[in-house]
Amino acid sequence: TTEIYTLSLHDALPIWCCCPPPILKRLRFKMSEKSHILVLDDEKNYLLVLQTLLEDEGYTVTAISDPETALAFLSESEVDVVVTDMKMPKVTGREVLQRVKKSWPYIPVLIMTAFGSIESAVEVMKYGAFDYITKPFSNDELLLSIHNAAELARAHRRYRLLQEVMEERYGVHKIVGRSRAIRDVLVMVDRAAPSRSTVLITGESGTGKELVARAIHYTSPRKDKPFVSVNCMALNPGVLESELFGHEKGSFTGAVAMRRGRFEQADGGTLFLDEIAELTPDLQVKLLRVLQERKFERVGGGEEIEVDIRVVAATNKDLAAMVEKGTFRDDLYYRLNVVQVPLPPLRERREDIPLLVAHFVEKVVADNNMPSKTFSTEALNYLTGYEWPGNIRQLENVVESCLVLVPGSVIEVDNLPAEIRDEESQFKSAVDLLPVQLDLADTLEKIEAALIRRALVRADLVQVKAAEYLGISKSLLQYKLKKYGITGH
């Protein structure tokens with residue numbers, strides 16, 4: 001008795017890898033979504049047989065006997081797999097394969113022929129055929145090959161959709177902000193993205209350096225290739241070397257197999273090196289060589305591997321000062337610092353804070369499938385006036401915490417963390433950030449100007465209200481505004 005098993009593709013994949021042919025012949029796979037198969041053969045009776053067989057398996061099938069008509073159909077329709085005969089008048093199956101691979105490289109092509117040979121099989125596989133099937137063949141052999149090809153086509157389609165999502169999420173115009181400081185960043189990203197020049201992104205922790213690195217990648221010609229990220233501070237030097245360059249089998253204890261490093265994984269795309277200042281002197285030398293020659297060797301290997309990558313590095317430290325101290329190579333610094341993109345801290349782009357809050361509210365609400373909430377005007381004023389030592393990352397965490405913990409639909413000042421609503425705590429945090437050696441008079445003036453700006457923001461730029469917050473008269477406030485060159489209503 002023949003047993004027929006109905007499986008989802010997810011369940012079937014492991015079975016494809018381990019089942020012997022007798023078991024495979026008893027399997028019929030249930031398609032989770034219909035795939036569109038284009039069948040091309042100059043023998044119309046054969047076309048009809050193939051169309052019936054594939055439609056019985058749940059496929060959508062288009063059967064065409066003329067190759068030119070089939071290629072025209074491909075340009076106008078969504079096709080997942082092409083199945084073509086090898087020997088046809090006017091246009092051969094190999095020519096069809098070449099034209100499909102040139103215009104639609106993601107579509108798998110299966111070649112059928114009644115005149116099979118090892119030489120012809122090698123030839124069509126060299127041109128990119130997914131499979132080569134000799135007539136006559138069993139139905140199960142053909143169906144298994146088409147199932148595999150359809151699954152590959154689905155994987156390509158999911159990848160293309162993922163690329164579109166990533167481009168939408170990380171494209172330069174998705175960076176939130178309208179302040180002059182962030183507009184300057186966007187201009188630099190737009191100009192740097194089309195080139196292959198190395199980019200150095202600088203700025204405090206939490207300012208969005210990886211987001212900008214992704215924006216550079218996804219608006220560049222390399223957007224369809226990998227974006228590979230490495231945090232140089234997260235790994236010890238020995239592990240980091242293997243992570244970056246890969247290793248050969250047996251190169252050290254535990255290296256039980258050859259492993260490709262991040263440089264190889266990023267070939268054709270972008271390698272993002274975060275916390276670049278943490279590289280040891282030895283790794284600095286090796287990185288410099290890759291940037292100069294685009295070649296490297298795996299750990300324990302002697303073969304030179306050539307890669308085509310664009311390096312984007314980031315740091316929250318002053319690399320120029322490290323060069324002066326001798327802790328960072330000057331030649332590597334100059335190689336990295338071809339295009340520098342400095343990111344402003346959040347306190348220097350306060351007008352973007354309400355936009356960022358709205359963005360994070362939308363994101364958290366969508367991710368957690370929760371009812372939307374809003375921040376009151378006064379709460380937003382407190383958020384805008386805070387110094388944000390942790391920058392955008394800290395703001396995002398505060399927004400998420402409030403959305404999760406506050407039961408009501410409106411988040412008030414009392415719902416904000418203590419360090420944001422407590423004036424004394426804010427002042428102490430600000431003082432702790434100041435250097436020990438400073439010009440007292442100049443520093444006091446800067447603090448006074450900052451307090452006036454914050455009061456104006458919280459008062460919606462209404463001077464009378466800001467003067468009340470500061471406990472001074474309106475006329476004195478106006479004098480201070482003129483003294484420090486602060487504009488306000």
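Biologist: Say buried means under 20% relative accessible area, exposed over 50%, and partly exposed in between (1.4 Å probe, protein chains only); what percentage of the protein's 489 residues counts as buried?
Modeller: 43% of them count as buried. Bear in mind that this is a predicted model, where local features need pLDDT of at least 70, side-chain atom pairs count only at pLDDT 80 or more, and totals for chains, interfaces and linings use all residues. Residues are numbered from 1 along each chain as its sequence is written, and side-chain values use heavy atoms, with hydrogens and water left out.

Biologist: OK. How many helices and strands are there?
Modeller: The protein has 22 helices and 16 strands. Those are DSSP runs numbered from the N terminus: H or I of at least four residues for helices, E of at least two for strands.

Biologist: Which residues have the most contacts inside the largest nonpolar core?
Modeller: Phe263, Leu273, Ile276, Leu287, Leu319, Phe328 and Leu336, out of 31 residues in that core. A nonpolar core is a set of buried Ala, Val, Leu, Ile, Met, Phe, Trp, Tyr and Cys residues joined through side-chain atoms within 4.5 Å.

Biologist: And which elements give two or more residues to this core?
Modeller: Strands β9 (227–231), β10 (270–274) and β13 (310–315), plus helices α10 (237–245), α12 (281–293), α13 (319–325) and α14 (330–336). The most comes from α12, which gives 5 residues.

Biologist: What does Phe328 touch?
Modeller: Leaving out residues up to four places away in sequence, Phe328 touches Ile276, Ala277, Gln284, Leu319, Met322, Val323, Tyr333 and Leu336. Contact means heavy atoms within 4.5 Å. There's also a second, separate core of 26 residues, including Leu356 and Leu416.

Biologist: Switching topic: how do the axes of α15 and α16 cross?
Modeller: The axes of α15 (residues 353–368) and α16 (residues 377–385) come within 9 Å and cross at roughly 115°. Axes are lines fitted to C-alpha atoms, for helices over the stretch in contact, with angles from 0 to 180 degrees between N-to-C directions. The two helices are therefore roughly perpendicular, a label for 65 to 115 degrees.

Biologist: Which residues make that contact?
Modeller: Ile353, Pro354 and Val357 of α15, with Leu380, Leu383 and Thr384 of α16.

Key:
Parallel < 35°, antiparallel > 145°, perpendicular 65-115°, else oblique.
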